[in-house]
Amino acid sequence: MEAILQVFTYLSDLGSMVMIPIIIAIVGLCFRLSFLRAIRAGVTVGIGFVGLNLVLGIIWTYIGPITTIFVEKFHLQLTVIDAGWAAAAGVAFATKVGAVIIPFTLLVNVLMLISKQTRTVNIDIWNYWHFAFTGAVVMTVTSSMVYGLLAAAAHCIVALKMADLSAERVQKEIGIPGISVAQGYAISSVPVYMLLEKLYDKIPGLQNRKTDTSSIQAKLGVMGEPMMIGLVLGILIGIFVGYDLKKVLELGIAMGSLMLLLPRMVKVIMEGLVPISEGARSFMEKRFKGSEFYIGLDSAVTLGHPTTITVGILLIPITLVLAMILPLNSTLPLGDLAATAFFISMATPIHRGDFVRTLISGTIMMAIVLLFASYFAPIITDTAKNTGFTFPEGATQITALSAGNWVAFVISKLMSLQALGVAIVVVLVGALLAFSKKLVLPK
């Protein structure tokens, strides 16, 4: 068993740059692509993700310092520091549940595929930390690794079902066939955005309104192009934080670059995934008529949509204002604040690219995230101390916006009841499996 864990630890440590091409190539071979086509597909997708991460680096390079300026400008005095997703993931992986989460999650996924309860093959192994986090919280509360693993399994199952549910809408809006998003945080937002979409359909002024990027561009002409929107947003933010002319223009160009380059990196990923998708479809038609598999990817693949990245930038100051005025919030947004686009990654496809709906939903979601991140702060802090985590200077309690996950909250609260909680979770997960077969988001 220890040798197996060492193998998975080694594979995880290789990082996404190495593992994504290998995993994609293996998937291609499983779907009977030729060796060279499978290798080419894997390398292409890997290069796409490398490019995507390089472009996303613009956010942290140029937006990161701005968040600090915002915090100082608003004089935020909050007791819990948002240490960011990397800290939360590190703490989660350092627990006993985290040590076995990769092989355990893969086993759950395989069992779900064999029993035909999911279509998603979740290869996004670095984001298994979300499941490890839920398991670690439950293990901390119950002092039971068994309960922790059951909680992680429940979160994984919910993720797979939400990935299936939203897959067709994601594929159409993002433009990448044969994929789904099974990332542990992104899927928790799907039910919230679905409910809000139903609500917007009943609100006068929103129900028949379509304000996607194409309609905005039609009204504004050249100034409505994503690149120009990014330029203007960057300049306005730079002026607001008091930058000099040089820095204002640099920020404007950086935001314009972000808006232009992100979609192009997603197209590279799509180029690599198309032969995998075609191979999967051909394979399934021959052996399982009517069946279809999705490749579960990181929500980063959705960030190339202009609506997502535009709203994501606008949500930075909005989140800071929410942190100041929201009752029960104790979290100072910092580490994850530059990554607000990830929190609305599923809003854009569910709202079909509508800018106004995505902005409203994003504001509501960031309020939810702040409250749950604040709730988890004591548990994350205690777990971090037990795993030897180095705290940021001056921080007595830490959390992460990316840990502000209501699915993790519900599972952990129920599991704190131990045997009774397990029974309730089993019933709820069973109901989800039964009900979700009748519910699919239309394209």
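Mentor: What follows is a set of questions about the terms used for this structure, each answered by setting a value against a definition.

Mentor: The model is a predicted one, in which local features need pLDDT of at least 70 and side-chain atom pairs count only at pLDDT 80 or more, while totals for chains, interfaces and linings use all residues. Residues are numbered from 1 along each chain as its sequence is written, and side-chain values use heavy atoms, with hydrogens and water left out.

Trainee: Why is Thr 331 called buried?

Mentor: Buried means under 20% relative accessible area, exposed means over 50%, and partly exposed lies in between, with a 1.4 Å probe and protein chains only. Thr 331 has 0% relative accessibility, and therefore it counts as buried. Thr 331 is found in strand E5 (residues 331-332), where helices (H or I, at least four residues) and strands (E, at least two) are DSSP runs numbered from the N terminus.

Trainee: What makes the pair Thr 331 and Ser 374 a polar contact?

Mentor: A polar contact is a pair of N or O atoms within 3.5 Å; within protein, one must be able to donate a hydrogen and the other to accept it, and residues adjacent in sequence count only if both atoms are side-chain atoms. The side chains of Thr 331 and Ser 374 are joined by such a contact at 2.9 Å. Thr 331 also touches other residues, including Leu 78, Val 80 and Leu 401, not counting residues up to four places away in sequence; contact here means heavy atoms within 4.5 Å.

Trainee: How do you know that Lys 246 and Glu 250 form a salt bridge?

Mentor: A salt bridge is a side-chain nitrogen of Lys or Arg within 4 Å of a carboxyl oxygen of Asp or Glu, and the side chains of Lys 246 and Glu 250 meet at 2.7 Å, N to O. Both residues lie in helix H11, four residues apart, about one turn of the helix. An α-helix has 3.6 residues a turn, so residues three or four places apart point the same way.

Trainee: How many salt bridges does the structure hold?

Mentor: The structure holds five. One of them joins Arg 40 to Glu 271, with the closest N and O atoms 3.3 Å apart, and this pair links distant parts of the chain, since Arg 40 is in helix H3 (residues 35-74) and Glu 271 in helix H11 (residues 245-287), 231 residues apart.

Trainee: What makes helix H8 largely enclosed by the rest of the structure?

Mentor: Eleven of the 15 residues of H8 are buried, so the helix is largely enclosed. Among these buried residues are Ile 187, Val 190 and Glu 197, and the buried residues of H8 pack against elements including helix H7 (145-174) and helix H15 (355-386). Glu 197 forms a salt bridge with Arg 357, the closest N and O atoms being 3.0 Å apart, and both residues are buried. Glu 197, Asp 201, Arg 352 and Arg 357 are linked in a network of salt bridges.
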